[in-house]
Amino acid sequence: MAKGKGVLASIGRQGSFKPLFSGSRKSQDDDDEESPGLERSPSGHKKWITELSSLANVVVGRCARILLLSTEDLQQHFETEASDSIKHPSRYARNFLEYCCFKALAVSTQLTDHLSDKNFRRLTFDMMLAWEAPAAASKPLLKVDTETSVGPEAFARVAPAIPTIADMITACNLFDVLTASNRGRLPFLIYDKYLGGLEKAIKTMKNQSVSSHLSSLRLDKGEMIIDIDGTVTTQPVLQHLGISAWPGRLTLTDHALYFEALGIVSYDKAKKYDLSADLKQVVKPELTGPWGARLFDKAVLYKSISIPEPVVMEFPELTGHSRRDYWLAIIEEILCVHQFIRKFHLEGVGQAEALSKAVLGILRLRAIREAFHILPPHPERLLTFNFAEKLPGGDLILEALAELLPSVDAESTKNDGGYSSEKIEKNGLYSVSAVATMSNLGFMFTKGSGTTDELGLPVGEVLVGEWTPLERAVMQSRNNFKKLEEAQATIDGVKVDGIDTNAAVMKYLQELLLPVIQFAKWLQFLASWEDPLKSATFCTIFSYTIYRNWLGYALPCFLLFIAVFMLCSRYFNQAKPINEVRVTAPPPQNTVEQLLTLQQAVSQVEELVQAGNIVLLKLRALLLAAFPQASERAALVLILVAIIVACLPLKIGVLIVFLEIFTRQMPLRRPSTDRMTRRLREWWFSIPAAPVVLEKPKEEKKKK
């Protein structure tokens, strides 16, 4: 790292990175002149690396110039530092290219205005192009123009090495947003436009951080302003308290939300709504309207134990609710990052790194919004911690991320700013940290986040030729997320509008599964011990059942019956579509006749009925083996449980089950219970729902 700083100092004396990034594309000879790796040796031969393609040689040459090394020296460093598996001939070209790119980016991104350098933008794009075809080609020259585009794998591999441009967790989502109209390929024009928007977003945040607005808020030391809204009179922010509303200015920092009501001459004293402390905060979309009516979906509700009643912030606009969606996403991101900090007890550099990741994610979302004048359909998917909380297996991603951040207890690494030098030497090349990137961009950090030298240390998010635990967790979670989206599509397809229609569907399904549902709820109530008398009575009766050896035959038979039924359905319904649930639709109602005062109650009941329908339809799909994988797993689990119960001594087996059920809410078991509950919930959400077809009622003509 000291060497990297020396390189940066040397480059700084030269004035800028521009001479290092520049390279002519007119001809092969021009590439040779611009790239140190393609210069001529004393014998007059070109120093081509035979394993690399033409473009890869050009990129490696530019990386060598940034590092103030020759191509031969850079290759020699790779040969010395890399393991044998990384230097395998089948992987040599790509791994060596990654090595050069990551080392060069770690140095070049330390310049404050690197995003404004068009040559830097071109170089990073060429890195992605070269990554897609790193090996030597039949023709020595590869022409690169503005029409060339890169794919998702190259972007997700190279872009996260630049914390400003992308993040490991959300890189694929960012690529999907940028290529929404380009069939999954990213052209340079879109990439350049995105970086221009990112540069503009950074300058805007800097201007907000040094404006006179800071003195009126009385921010804590090190607290950084992220965004401000409501300064334009045509786009105010309205704060609703009860039935009253007042315009004002809303400010979001990395620790709190501030609202300043508009007075006669200036703004009133700001009201602070804390986002960093554990106050059981709830942030969600909300409907607003005159006299308390719920008509306009353009507001955000904030609720916590520190305020007597919820506060609603409305973001009026003529069409849509993109302003509200944007603010909802970034407020949730700040909440999620502080939950992450508290969960893993991060302080100092670790806390600053987590906050920096959250702020950079918000900057990228602002860049998309400003550059393309549109907000993505799911803005939370571009925010690191917000998206991780919603991903299946997102807790594993956050755990892997926490392992990369410095711990407050790591006293042995104090001299290295909290990063273990042994860990860095063992795992190889690392990318620049987000907190160092923010420091290089000129932003201030919280107290105790460390010195500038400490913040410049790298973190292990990208390894040459290897997958980090974070990358593996992200890939696995994304695969599960795709399955969840497919299942969610079937759920959206079976949702029907109207309380009367949903009631008709539920009435039909309840006739099939109502006894099972009521029995399960009754057992859950007893296991919670909310009514000690009833729970004690159940324990007594259950103990008598164990003593009489009745349960040893009843439970296995019941489980085997369900499993056999599911497997038989799987066998007989193989390759056959599941029969739709045919429900007679009720006669249409005149919505004008509905009273406005009942609208809120009706909408809430409708949501509950829809959720109940989905549960029942999923259970029906499992029982009828409409989706074999889920049904087979459930059947195998039931068979395994049945075998264990049948083979073990009855009293021991029942005792184990009894203790398992009635000790789940113990303080010692609560963390493991929460983890198991999350896994079961993710599996349940991945099960598609059975299709529903609504049939019109057959009306018989009345006899006269």
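Figure 1. Val312 belongs to strand 10, which covers residues 311–314. Residues up to four places away in sequence being set aside, Val312 touches Leu238, Gln239, His240, Glu286, Thr288, Ala299, Val300 and Leu301.

**Figure 2. The largest nonpolar core and the surroundings of Tyr194.** The largest nonpolar core comprises 98 residues, and those with the most contacts inside it are Phe155, Ile165, Tyr191, Tyr194, Leu252 and Trp327. Helix 6, spanning residues 89–108, gives the most to this core, with eleven residues. Apart from this core lies another, of 25 residues, which includes Phe385, Leu391, Leu401 and Leu405. For Tyr194, once its neighbours within four places in sequence are left aside, the residues in contact are Thr164, Ile165, Leu174, Leu178, Arg364, Ala367, Ile368 and Phe372.

Figure 3. The structure holds 13 aromatic pairs. In one of them, formed by Phe155 and Phe175, the ring centres are 5.6 Å apart and the planes stand at 45°, so the pair is tilted. Because Phe155 lies in helix 8 (residues 152–158) and Phe175 in helix 9 (residues 171–178), the pair ties together parts that are 20 residues apart in sequence. Both Phe155 and Phe175 are buried. A cluster linked by ring pairs is made up of Phe78, Tyr92, Phe96 and Tyr99.

**Figure 4. Arginine ends over tyrosine rings.** The charged end of Arg249 sits over the ring of Tyr267, at 4.0 Å from the centre of that ring.

Figure 5. His345 has a positive phi of about 55° although it is not a glycine, and it lies in the loop between helix 12 (322–343) and helix 13 (349–372). With a relative accessible area of 58%, which is over the 50% cut-off, His345 is exposed. His373, likewise a residue other than glycine, has a positive phi near 55°, and is found in the loop between helix 13 and helix 14 (384–390). His373 is exposed as well, its relative accessible area being 70%.

Figure 6. The protein has 26 helices and 14 strands, and buried residues make up 47% of its 704 residues. Among the contacts with a separation of 6 or more, 68% are between residues 24 or more positions apart. The accessible surface comes to about 37000 Å², 59% of which belongs to carbon and sulfur atoms. The mean pLDDT is 77, and 75% of the residues reach 70 or more. Over residues 407–428 pLDDT stays under 50, and the model has 28 contacts beyond four places in sequence for this stretch. Over residues 446–460 the pLDDT is also below 50, with 46 contacts in the model beyond near neighbours in sequence. Where pLDDT is low, the predicted coordinates should not be read in detail.

Definitions and conventions. Residues numbered from 1 in each chain as written. Predicted model: local features only at pLDDT ≥ 70, side-chain atom pairs only at ≥ 80, totals over all residues. Heavy atoms only, no water. Core = buried A, V, L, I, M, F, W, Y, C linked by side-chain atoms within 4.5 Å. Buried < 20%, exposed > 50% of the residue type's maximum accessible area, 1.4 Å probe, protein only. Helix = DSSP H or I, 4+ residues; strand = E, 2+ residues; numbered from the N terminus. Contact = heavy atoms within 4.5 Å. pLDDT = per-residue confidence, 0-100. Phe/Tyr/Trp six-rings, centres within 6.5 Å; stacked < 30°, edge-to-face > 60°. Lys NZ or Arg CZ within 6 Å of the ring centre and 35° of its normal. Areas by Shrake-Rupley, 256 points an atom, 1.4 Å probe, with all protein chains shown as cover.
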